[in-house]
Amino acid sequence: MKFSSFRRIAVLTTTAALIVTGTAGCNRSSDGAAAGSEVVLAVSTLNNPFFVELRDGAQAAADAAGVELNIVDAQNDSATQANQLANASVGSTGVVIVNPVDSDAVSSSVADLNTADIPVIGVDRTVNGADLASLVSSDNVAGGTQAADALAAAMGEQGSIIVLQGVSGTSASRERGEGFATGIAAYPNIEVVAKQTANFDRAAALDVTSNLLQANPGVTGIFAENDEMALGAIQALGDRAGAEVKVVGFDGTSDGLAAIEAGTLVATIAQQPALLGQLAVELAVKIMNDEEIDAVVPVEVVAVTLDNIAAFTE
Amino acid sequence: MTTKTPEVLHSDVHRDVHRDSQPRRFDVKRFLSNNGALVGLVVLCIALVIATPDFLTGQNLLNIGIQASTVAVMAFGVTFVIIAGGIDLSVGSVAALSAMVSGWFFVSAGLPGGAALAAGLIAGLLAGVINGLASAYGKLPSFIATLAMLSVARGLTLVISDGRPIATAPQVSFLGGSVGPVPVPIIVLVVTALIASFILNRTVIGRSMYAVGGNAEAARLSGLPVNRIIVTVFALAGLFAAVAGLLLAGRLDSAQPQAAAGYELDAIAAVVIGGASLAGGVGRISGTIVGALILVVIRNGLNLLNVTAFWQQVVIGLVIALAVGIDVLRRKSRSK
């Protein structure tokens, strides 16, 4: 589910913080240091800025709510994560938030926590084959639609476009593509002339775009399901990128943001890792207060363009 | 014994390779039978010319040349290894490592661009030498030695880059540009093909590769320094992989941590489609070029025809099986 790393999101976290402090106000007094009051956050890796942001958001929310947050880092090793989750089932753990290294490998650990009556919240990636109290993850479908809107706006709502798809069969590619297809359908004067995979890879996108431009020389827009492919497409377009042909990516990577500043990339769709962490902790607090929670909490993604890029590059 | 080596090689090893090297007059039947892959490529191209008007345009043919360059250059190195009876699974990772080392020396160590480019080549050469040492003296099967290198080189690439792309030196980026109307990747492709072909056909080491691959024990008994030849073969594969990696980085203006992942399979496929035998002792650079072109032309054609992603993998697999299958049948019928 994660194909990017990106920088602090000041503006949006402020909004989120308002929500969190709103709920946190009532929790602070009611939740003491009783047994089962600790929240364990099991992160897949902290060797990636995306998850560091996620942890920071979670920590901020925990501080605001006055709950103890115990963060463990699996360093991208499923076995380590299994041990960490086993350790979490003893002691004063109230809720476990898990960001799985692998959605399948983590299932037996989560099942054990289910047996021990410890609620588990998934964040960023889901858990297969075990019960989650809730899943907090980026809304890739909505992101795809936002990408369609951003591209349509840049193209003056007319023209023909190419879609560069991610690795076939991945949820990220499926959901982003689905959202984009829905979004672009709202613009009758825009036609998708080709849809081809470039495997989320910059070099592959360079080749595939070069080929597609031969078959479709009149293309005026390209949507790539991640920034890496968008950058490959820009390479293939040369001087035409940002001028005759508008390109929209997905992820908000630092290279992607730099391309927006350079004018070659029109927009990218950025995830909000800090908000993911924050909402997960907020849900954990709700569970410990016996409040109702939603089974799925989609976190909005944001279209970054030249207009709001300052908030993403500090 | 040692002094006789070239003669031994000539009589013993050339049988399959140089069968058609001195034709009195052009024999069409023999030519076709020796160039099954080329026939396949021509058939593929004719089919695409009929299927889409966009295929046979100057720019598209240039695109195909550019796109074939990375895999072909990498595959030249793999051709040496396969002829010598080994396999090299590490070339994709080594290509990425070489480009990353070059990028690191340029950006972080502040080396001049030319030196950074050389550093990349040396990195590839070293990785190849290690493969060769592990295979020849460590007695590891080359499959395992290079599988280990596949992992180590990719890991080092990630360590050096911290998982992020690094900018490349202008000298490396030049490799992705063009001189006048001619794209540099195509120039590199032609030059490396000539060098590889020269090594294979005109040098003692090249001829020795056939001997080692044909029968390593016989080669050793006839006085060839088999271990040293194996190290040289893998070193060359590493060097060619480095050139391919720098070429790819040049085209992207950056060294990517995940660059060339999986390219080793394309390279091996190109060599085998080109008529080399995985059992060793047989193979040609011209065949490898044709093999690489077949892979690239299929992908190019599937893009032009806008075939859906799911079916592309099926088609590519079938064409590879078909190309090699026809070749095997052809050899069988010829040997009857």
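User: What percentage of the 314 residues in chain A is buried?
Analyst: Bear in mind that this is a predicted model. A residue counts as buried here if 20 or more other C-beta atoms lie within 10 Å of its own. Across the 314 residues of chain A, the buried share comes to 54%.

User: How many helices and how many strands does chain A have?
Analyst: Both kinds of element turn up in chain A. The tally is ten helices and twelve strands.

User: Which residues make up domain 2 of chain A, and how far apart are the C-alpha centres of the two domains?
Analyst: Domain 1 is assigned in two pieces, 10-137 and 273-300. Domain 2 of chain A is 140-270.

User: What does the UniProt annotation call residues 39-291 of chain A?
Analyst: That span is 46% helix and 20% strand, and its end C-alpha atoms lie 16 Å apart. The name comes from an unreviewed UniProt entry, which labels residues 39-291 as "domain: Periplasmic binding protein".

User: Which element gives the largest share of the side of chain A that touches chain B?
Analyst: The contact draws on 18 residues from chain A and 20 from chain B. On the chain A side, β7 (190-197) and α7 (202-215) each supply at least two residues. With ten residues, the largest share belongs to α7(A).

User: And how many charged residues are on that side of chain A?
Analyst: Sorted by class, the side of chain A that touches chain B has six nonpolar and eight polar residues. The charged ones number four.

Terms used: Residues are numbered from 1 along each chain as its sequence is written. Chains are lettered from A and ligands numbered from 1 in the order in which they are written. This is a predicted model: local features need pLDDT of at least 70, side-chain atom pairs count only at pLDDT 80 or more; totals for chains, interfaces and linings use all residues. Domain bounds come from an automatic or database domain assignment. Two residues are in contact if their C-beta atoms, placed from the backbone, lie within 7 Å. Helices (H or I, at least four residues) and strands (E, at least two) are DSSP runs, numbered from the N terminus. Ala, Val, Leu, Ile, Met, Phe, Trp, Tyr, Cys and Pro count as nonpolar, Asp, Glu, Lys and Arg as charged, and the others, Gly among them, as polar. A residue is buried if 20 or more other C-beta atoms lie within 10 Å of its own, exposed if 12 or fewer, and partly exposed in between; C-beta atoms are placed from the backbone. UniProt positions are given in the numbering used here, feature names are shortened, and annotations may be inferred rather than shown by experiment.
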